[in-house]
Amino acid sequence: MSAVPLVSFITINYNQAQVTCDMLESTRLLTYPNIEIIVVDNGSVEDPTPLIQKGNYPNVKVILTNANLGFSGGNNAGIKQAKGDYFFLLNNDTIVTPTLVEDLLAPFAADSSIGMTCPKIRYHDHPTILQYAGYRPLDRLTGRTWAIGLQEEDKGQHDVSGPTYFAHGAAMMVKREVIERAGSLEDSYFLYYEELDWSARIRRAGFKIYYEAKALIYHRESMSVGKANPLKVYYHTRNRLLFMRRNVAGMTLIAFCLYYFLLALPKAALVHLVRGQTNYLKAIKDAVTWNLTHKVTQNGEIIPSVLLDKPYKI
């Protein structure tokens, strides 16, 4: 690896060419000298290439998948063509800060056991409010975790860097060795929980996930899917179940299933029923059905192994 390793930025565009260009515009201010940027277009209605080329952004390559491969599949498509020593998976609805790359690379040089680094994330529209400063441990009963600092005003209370339990999918830098040993993102997730699953797999491979407080990005949260809709309900429900089936076992998994099917899901279904949201109820039913028809082996393999090349439709 060179003294100035190549960092491959990988970002996904899906019908948001101008948003992607806003992010690319912010990369002009990066002080790190050795990057390539791969924009993976996930089957947008319009090819974003002309608009991106018009911006004349340096070192940018556009990959057209001609299908919506989701967050997992789209990033994996970019990883396959990336040449870097490090891969930086970055949401297209983010704005970077000048020393971001150097700040995220520094922990790797200090500790060879670090496999992935993540920056502090603030909300773009509320630039003093935190979205992520690391993750808390997984609650094995509920199958949920919470970002440290979420919706707190950043007053320096989370300025201590260190290992954390999970990466945040909006911005995560991983070294090539990690992917060679732990693999890339699991395609079947498509959307949501994929970074939690990847983080768990990376930690099982012996690497640390590291929160770097000096690094900073701004995130335009939920621009792609929205705050609440049947698509989000489907993938959150389906992938929460899938994540637990792949990452816990025995009595822990049994306890989660009892909690989820006897309390959490009935409560959610009742809320949607009272509100007359029948499409939300269908999303929950389809999410459970997917899990009932896909077996997870002891090593985490999903059978049948289905690459979802089309987004879920309500």
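Analyst: For the charge count, Lys and Arg are taken as positive and Asp and Glu as negative, while His and the chain ends are left out; each charge is placed at NZ of Lys, CZ of Arg, CG of Asp or CD of Glu. On that basis the protein chain has 33 positive and 29 negative charges, and their mean positions lie 7 Å apart. The model is predicted: local features need pLDDT of at least 70 and side-chain atom pairs pLDDT 80 or more, whereas totals for chains, interfaces and linings use all residues. Numbering runs from 1 along each chain as its sequence is written, and side-chain values use heavy atoms, without hydrogens or water.

The whole chain comes before the part. It holds nine helices and twelve strands, which are DSSP runs numbered from the N terminus (helices H or I, at least four residues; strands E, at least two). Its radius of gyration is 19 Å, close to the 20 Å of the globule rule for 314 residues, so the chain is as compact as a globular protein of that length. The radius is taken over C-alpha atoms, and the rule is 2.2 Å times the number of residues to the power 0.38. The C-alpha trace spans about 55 × 45 × 40 Å along its principal axes. Of the 314 residues, 55% are buried, where buried means under 20% relative accessible area, exposed over 50% and partly exposed in between (1.4 Å probe, protein chains only). Among contacts (heavy atoms within 4.5 Å) with a separation of 6 or more, 76% join residues 24 or more positions apart.

In H4, residues 100–110, the buried residues are Leu100, Val101, Asp103, Leu104, Leu105, Pro107 and Phe108. An α-helix has 3.6 residues a turn, so residues three or four places apart point the same way. The buried residues of H4 pack against strands E1 (7–13), E4 (86–90), E5 (94–96), E6 (114–123), E9 (171–175) and E10 (208–219).

Leaving out residues up to four places away in sequence, Asn92 touches Thr11, Ile12, Asn13, Gln16, Val19, Thr20 and Met23.

Thr145 lies between strands E7 (130–132) and E8 (162–164), and is buried at 14% relative accessible area. Its side chain reaches the backbone oxygen of Arg136 at 2.6 Å. Beyond neighbours within four places in sequence, Thr145 contacts Tyr135, Arg136, Pro137, Leu138, Phe166 and Leu196.

A helical residue gives a further point of reference. Leu51, in helix H2 (residues 49–55), is partly exposed at 32% relative accessibility. Not counting residues up to four places away in sequence, Leu51 touches Ala17, Gln18 and Cys21.

Notes
A polar contact is a pair of N or O atoms within 3.5 Å; within protein, one must be able to donate a hydrogen and the other to accept it, and residues adjacent in sequence count only if both atoms are side-chain atoms.
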